[in-house]
Amino acid sequence: MSEPDWYEDATIYSLDVKTFNDGDGDGWGDFRGAIERLDYLDELGVDALWIRPFYPSPLRDNGYDVADYYGVDDRLGSLADFREFADRAHERGIRVITDLVFNHTSNEHEWFRRAREDPESEYHDYYLWTSHLADAHQRGNIFPEYEDGVWSYDEVADKHYFHQFYGHQPDLNVANPAVREELYDVLRFWLDRGADGFRIDAAHPMLMPKGHDATTLDETDLGDPIELFKEMRRVVEAEQSDAVLLAEADDEPEHLDYYFGDGEAFHLQFNFVMNAHLTYAVGVKDTWPLQRAEEVLPDVSGVGTWVNFLRNHDEWNLLKLPEEAFEHARGYFGDDDGDSWIFERGHRLRLADLYDGDPGRIAVAHSLLFSLPGSVALQSGDEIGMGADLSLPEREAVRTPMQWDDSPNGGFSTAAPEECYNPAVDEGPSAYDRVNVAAQRGDPDSLLSRVEALVAARDACPEIARGDYRALETDHKETRVHRFEHDGTVLLCAHNLADGYREEVVGFDVDPDTVEHVVGDGEHHVAEGGVTVELDACDYAWLRGEKR
């Protein structure tokens, strides 16, 4: 499967093994169950799977509190099951990207247990400690609603340890060369067992200055901080030439190009800026947020690739919006009781909830997503319009089981509902008896069929990843038209975010006889040097022709 540039226009599907498919009927998804659903993912047309943490864990943070980097939680399967899952995915031409959490571990990890028990142990310096709290480095905790700060007292060590996330997730001392070597070994381990790349969780916090023994870690401690990620890339490429690193780096826009390391660090980076603006734009029926996102994002051509997305397994983070839009979005998309708000950053709703279950609006959002330069990440269940369960705590609201059919638990498991890791959504407009894969398969008008068509359209259009891109002027604030030019062809992508009909006339410098309608329900009429695109509410149309 060697193809060094495969990631530049990939469709990446994100799933949590715990909630995807239960193969043994115990209420927990597992790798055996995920293997059973690979044909579905193959039919959807995805290029890679991003598998969220499946390692042994106390699961106080959905598995992002890792207790052992070298194992599989026995509720989800075994190392052999992971190997078979990767092999079966590879047979279908699908790559596997695993999620690695290197900023912190669980406080139940062997490294931390040994660190707290013996201050003379090499493991003590795997973490960050202080006996002088008043002088220690201070900053806000990432979860200020739940944590008072970044230092917690450990009775066994009789010291405070540093944690940017929850108190049960002590930060690793990534300035320690021994820790770095451990991390590199973890990368090699999973590549050897079939992984094709890694999503590195919390890449931004990893490089933040961290308190250590009443001092402050700075660039002199880390060297140039980006060298950590550059070495990670050297490690993975030495093992597998087309393996990739994907950054979760929710930093300020002007700093985002840093994580690509001039083309020597991360290959891919989640585009949180475009995420907030794109999803907001479709909801408020106005394209100005798209223009703003492109204005504030750095130019990363030649050094890395954005991964655009609509929703993920965390909260919908609105902090990248300008302040007025942030405040508007908090109220516009939220519920009256405020149950959808989280962490003062945004909402814990799924995409379908944000758009009141409107399949047309969900579809046009996906069309915009797939028509932007870069790669794409799909959140499991968004392709059928699954909704959140706000009765679950925090971000668990968007982590309910995949809804396969209208049988109990949505076909996720044969176990009793109370035995499932999370309950399936069984009430309201997004209940599994109303929203499921089986009901939408084969229906050409279903959301699933429309997303499948968009995945195929993107695969058929190399212009998106490799062409010259620019947005065109339009007559309506609700319409967005952009174009790509590559290797003698022009691809035009037109979208209408309005609730009613809109018409746009734009330049289209192609031979009229070569124009093909790639995807979408919008109509078009080509004239010399231009095209009229007729779009009903939430319509879209991709057109391609040979340049004159």
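Predicted model: local features only at pLDDT ≥ 70, side-chain atom pairs only at ≥ 80, totals over all residues.
Biologist: What share of the contacts in the protein with a separation of 6 or more comes from residues 24 or more positions apart?

Modeller: The chain is organised into 17 helices and 24 strands, and 61% of its 548 residues count as buried. Among contacts with a separation of 6 or more, the part that joins residues 24 or more positions apart is 69%.

Biologist: Is L351 buried or exposed?

Modeller: L351 lies in helix 13, which covers residues 351-354, and touches T279, L310, R311, I362, H366 and D382, leaving aside residues up to four places away in sequence. Of these, L310 is 41 residues apart from L351 in sequence, yet the two C-alpha atoms are 7.1 Å apart in space. Since buried means under 20% relative accessible area, and L351 has a relative accessible area of 0%, L351 is buried.

Biologist: Which residue in strand 6 is the bridge partner of T130?

Modeller: Three strands form an open antiparallel sheet in the order 4-6-5, with strand 4 (129-130) and strand 5 (151-154) as the edge strands, each pairing on one side only. Two bridges join strand 4 to strand 6, residues 159-162, and these strands run antiparallel. In strand 6, the bridge partner of T130 is H160.

Note on methods:
Residues numbered from 1 in each chain as written. Heavy atoms only, no water. Helix = DSSP H or I, 4+ residues; strand = E, 2+ residues; numbered from the N terminus. Buried < 20%, exposed > 50% of the residue type's maximum accessible area, 1.4 Å probe, protein only. Contact = heavy atoms within 4.5 Å. Pairing = 2+ DSSP bridges.
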